[in-house]
Amino acid sequence: MLSRVFLKGIYKAAAVMLMALTGAAFASALDLPTKKVKGVEYYYYKVKKGESLYGISKNLGMTVDEIVAANPFAANDIRKGDILLFPKVEEPAEVVVEEVDVVPSDTVEVEEMPKNPAIAVLLPFGLDNAEPSRANKVALEVYKGMLVAADSLADRSGRVDIIARDIDGLSAGRVADMVEADSAVARAAVIFAPGDEAVLAAVARKAAEGGNYVFNALCIPDTLYASVPMLLQANAPQHVMYEKAVDALLTDFAGFTPVILRSRTGRNEKESFVNYLVERCRAAGVEPRFIEYENNLVTADFDVLPVDGAQKYVVVPSSGSKAEFNKFAYALHSYRERLKGRAAEALDTAAENGETAADCAVMEVFGYPDWTAFRGDALDMLHRLNATVYSRFFDDFTGFDSRGVSSAFRRWFGAEPMESVPSYALVGYDSATWLIKNLRVNEGVFNPTYPSTSEGVQSSFDFRSAGEDAGYYNTDVYIISFREGGRTAVRVL
């Protein structure tokens, strides 16, 4: 069985958690609000802006060590909005390791036990289908990626089980019932949820009642995290992505005037981003320029822009589709080459006269996640344009890490990973890697905000709470710079 994976047993994990929490009983003497987490009642404290762990310890009348014992993530860092939890106990807990280790599982109340260090994968595998659908193929690809991740971590101590269930053909209600009725799923610390919005919603709400975290990496536009506790949105929400993308544009291209390209006859599906960019620019005192074109952009369309000095422009199209890209990319490249030619000519003239050349006009390009899927001539054009794009994910498929996963995938399954953007094999690989490591570092108890960040092969995770009685969302966004010569520079914001 490929899922030969990992972490310490349930009794060991329970002992560690209970011992860590006994020192936090002092919180019961404070006037703090309470909330239930996994069926257990806790006092909680919400970190305010500028507060330090030391200052909070003084306010609560506890030591820093006692706070960290109850909230291990706080040892790394605390931020505004973080929730510190302290068990609500009438008397200090008296449970010791030996007692927990020897208690038979059938004598323990389920609601009083922590979740198993396990990941339950609920996906439509379609194992009984003679002809698997695309959804079936995607589900299997994700699961295979998870197993490759599990195997890559197999030589490390601890046990985390991966439990898979085929939900193909089941209604949202029946899948939700599985979360409660299937004992293995009900006891799993984390449920890896399907991409179907209706099923995801039903599973997330049922899981929140039972204290299971739900990891959503497949339903990209999901907003359930804002209203459903314990749901993790693994893809950065649109408002986070837009904010960080524009932050990067205004920083990387400081002093540049944005030039919005808009087709009168084609797709302009990125208008929401363009509108947000224009609003941010105007708030910063920068007025964008606009160029509209019919059918295909031609070099002469840029003649409306002054280029008699050191003007700097960053072009932002209102479409991210490949078809629309091909309508403007060649004219844009031709115009950039013209500006570069003028600059080179000015430099030569200045050198002949023993002078320093004046700065000349330049033009750069900023675009969309869709462009990361380009291959062949379109990808080559991105490099020739020195284009910069933002995205929720990035797979450098020629890089060492990506090739290593592909090699392991071939070794396990005898075939290359399915070609897709994003790579579904890497969705599974990155997700499982982070989930397994999280369960290990927290001794079998899942904590969505500790460790606070994890950079994978294709996706990077840094979760933040969406507020009280809400879930969590990933804040990481990639800024990808294509450079001439086939080079690519990538950073995570």
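Mentor: Two strands pair if DSSP finds at least two bridges between them. Helices (H or I, at least four residues) and strands (E, at least two) are DSSP runs, numbered from the N terminus. This is a predicted model, with residues numbered from 1 along each chain as its sequence is written. Local features need pLDDT of at least 70 and side-chain atom pairs pLDDT 80 or more, while totals for chains, interfaces and linings use all residues, and side-chain values use heavy atoms, leaving out hydrogens and water.

Trainee: OK, strand 4 then. What does valine 121 pair with in strand 5?

Mentor: Alanine 164 is the bridge partner of valine 121 there. Strand 4 and strand 5 (residues 161–166) run parallel, with six bridges between them.

Trainee: And which residue of strand 6 is the bridge partner of isoleucine 119?

Mentor: Valine 190. Strand 6 (residues 188–192) is also parallel to strand 4, and four bridges join the two.

Trainee: How many residues of strand 4 are buried?

Mentor: Seven of the eight in 116–123, so strand 4 is largely enclosed by the rest of the structure. Buried is under 20% relative accessible area, exposed over 50%, and partly exposed in between (1.4 Å probe, protein chains only).

Trainee: What do strand 4, helix 5 and strand 5 make?

Mentor: A right-handed β-α-β unit, with helix 5 covering residues 134–152. Right-handed here means that, with the strands pointing away from you, the path from the first strand over the helix to the second runs clockwise.

Trainee: How many bridges join strand 1 to strand 2?

Mentor: Four, with strand 2 at residues 40–46. Threonine 34, for example, has tyrosine 43 as its bridge partner in strand 2.

Trainee: Now the charges. How many salt bridges does the structure hold?

Mentor: 20 of them, counting a side-chain nitrogen of Lys or Arg within 4 Å of a carboxyl oxygen of Asp or Glu. One is arginine 491 with aspartate 252, whose closest N and O atoms are 2.8 Å apart. That pair links distant parts of the chain, 239 residues apart: arginine 491 is in strand 19 (residues 487–492) and aspartate 252 in helix 9 (residues 238–252).

Trainee: Which residues are linked in a network of salt bridges?

Mentor: Arg262, Arg264, Glu271, Glu292 and Glu294. Within that set, arginine 262 meets glutamate 271 at 3.2 Å, N to O, and glutamate 292 at 3.9 Å. The glutamate 292 pair spans 30 residues, from strand 9 (residues 257–263), which holds arginine 262, to strand 10 (residues 289–293).

Trainee: Is arginine 262 buried or exposed?

Mentor: Buried, at 18% relative accessibility.
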